[in-house]
Amino acid sequence: MPYVNSDPHIGFALEIVQADIIARYKRLMGYDVFFNTGTDEHGLKIHRKAEEAGIDTQTYVDGYAEKFRGLKDKLGLSELNFIRTTDVHHKAAAQDFWKICDKNGYITKKSYSVKYCVGCELEKTDSELVDDKCPIHPNLQIELIEEENYFFKFSAFKEKLEQHYKDNPEFVVPDFRFNEIKAFISRGLEDFSISRLKSKMPWGVPVPGDDSQVMYVWFDALVNYISAIGWPTNLDKFNTYWPVVQFAGKDNLRQQSAMWQAMLMAADLPPSKQIVIHGFITSGGQKMSKSLGNVINPYDIVEEYGIEPLRYYLARHIHPFEDSDFTMDKFKTAFNADLANGLGNLTSRILKMTITNEVALTDDDLKTTVFGDGSPIEFYEHYQINKALEAIWKQISDLDGYIQTEQPFKKVKVDLEAGKKDIHHLLFSLYKIAQQLEPVLPTTGAAIQALIKERKMPEQPLFMRKD
């Protein structure tokens, strides 16, 4: 879930679009999918931002929550659940979770001194710092926290986590991120603070039985994965969907695949099903920042190009697991080449040939579904969305080559039956491509299938070329 300390950015758009593509794919495969996102609204960073703005913290987070809720329409997301960590049900669930961990002996209270990155909302060891700065947030000063807090006994879970990783060799995707977290665990685990003094940081979920403390943001926020699906008040719903697949950025690797899993074990709950970790998006080879003026706002792209071109670019030209570069020049080039000149032009050419020569798909053709086998399906299954799109665009390229080689628009004039057979092949292939595209381009995929069924030309180009 995004932290509501700034406007939605292209990095979170990548994460939520990736998750939506997989949710749509799974629904097309016949699964009952619960697609959840929301906003992480507690913590020191947010409290300070509200103070800087001179407004009440709840008012501050309310405004940002609506901006993130608006991504559903702005990014063409499918049916989803939107949870806020300030929701009454979630806060109650977080407190119940705390009580179980405490009862099971995994929470203790002690004084400590630690280096802390407000940007990550994480404690940092000297080995994790570069020139005494967090490498992820080098613009922020590392703070020294000295107080008495509650701690989660993370150190008790080294062997259990290692066994879980061994028993589930695909628990973290991709492999190199899995290797990172296994290496982290192997070095030994230290207990981590899960509360803050309310007098210093009042914005958080109250610790059960201790009014002087509030929960540390990560302990509270991670519980959203189970509170969103009914835990602990609706266990029928919870047991229907748990365990789940979680999508997160590489800066969340430790929290998602180790801390949260240990917390679940402490509460006698099964671990998550799988953790999918994506990289960062850079711009012109540099990290995006307001000071450099290279921040890309997904809303601006949607306003100029539409929703589905952005979804397409994020799916095909941004690597699902590694860091990738995004510039508007690259985006525009891909839009013109792949969508306007590629998919859009091919669709118009094939539809024109079929209408002119009265070729149509049979009822059996129209009942065909591609969501059962085929290379794009295999790639969707392994979250390799870019490879799924490459396989589909290979088919588009092959159809263009087929038209050039076989020239069915000429063949029908000298051999009507053979020409129509070629055109039928093109039309049926386009129909299957449109189905394969539905997880990424749901509107375009559905529109192409409708045009084929109705034997109509689009009223305007599917994608208007940008000069």
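**A helix and its surroundings**

Guide: Start with the whole. Of the 467 residues of the protein chain, 52% count as buried (under 20% relative accessible area; over 50% is exposed, and in between is partly exposed, with a 1.4 Å probe and protein chains only). This is a predicted model, where local features need pLDDT of at least 70 and side-chain atom pairs count only at pLDDT 80 or more, while totals for chains, interfaces and linings use all residues. Residues are numbered from 1 along each chain as its sequence is written, and side-chain values use heavy atoms, with hydrogens and water left out.

The protein chain has 20 helices and 15 strands. These are DSSP runs, numbered from the N terminus: helices are H or I with at least four residues, strands are E with at least two. The radius of gyration is 25 Å, close to the 23 Å of the globule rule for 467 residues, so the chain is as compact as a globular protein of that length. That radius is taken over C-alpha atoms, and the rule is 2.2 Å times the number of residues to the power 0.38. Along its principal axes, the C-alpha trace spans about 90 × 45 × 40 Å.

Now the close look: helix α2, residues 44-53. Its buried residues are Leu44, Lys45, Ile46, His47 and Ala50. What covers them includes α3 and β5 (143-152). After α2 comes Gly54, with a positive phi near 70 degrees.

Next, the neighbour. The axes of α2 and helix α3 (residues 57-69) come within 9 Å and cross at roughly 100 degrees. Axes are lines fitted to C-alpha atoms, for helices over the stretch in contact, and angles run from 0 to 180 degrees between N-to-C directions. So α2 is roughly perpendicular to α3 (65 to 115 degrees; under 35 is roughly parallel, over 145 roughly antiparallel, the rest oblique). From α2, the contact (heavy atoms within 4.5 Å) uses Ile46, His47, Lys49 and Ala50. From α3, Thr57, Tyr60 and Val61 take part. The residues of this contact divide into four nonpolar, two polar and one charged. Nonpolar covers Ala, Val, Leu, Ile, Met, Phe, Trp, Tyr, Cys and Pro; charged covers Asp, Glu, Lys and Arg; the others, Gly among them, are polar.

Follow β5 back for a moment. The loop between β4 (122-124) and β5 holds Asp132. Asp132 has a positive phi of about 60 degrees, although it is not a glycine. Most residues other than glycine have a negative phi. Asp132 is partly exposed, at 44% relative accessible area. Tyr383 also has a positive phi, about 65 degrees. Tyr383 sits in the loop between α16 (375-381) and α17 (385-406). At 9% relative accessibility, Tyr383 is buried.

Elsewhere there is an open sheet of three strands. The order is β6-β12-β11, with parallel pairing; strands pair if DSSP finds at least two bridges between them. β6 (172-173) and β11 (245-249) are the edge strands. β11 pairs with β12 (residues 274-278) over five bridges. Ala248 stands opposite Ile277 in β12. Helix α1 (residues 10-28) lies across β11 and β12, at about 160 degrees to β11.

One last stop. A cis peptide bond joins Val173 and Pro174, with omega about 5 degrees. Pro174 lies in the loop between β6 and α7 (175-186).
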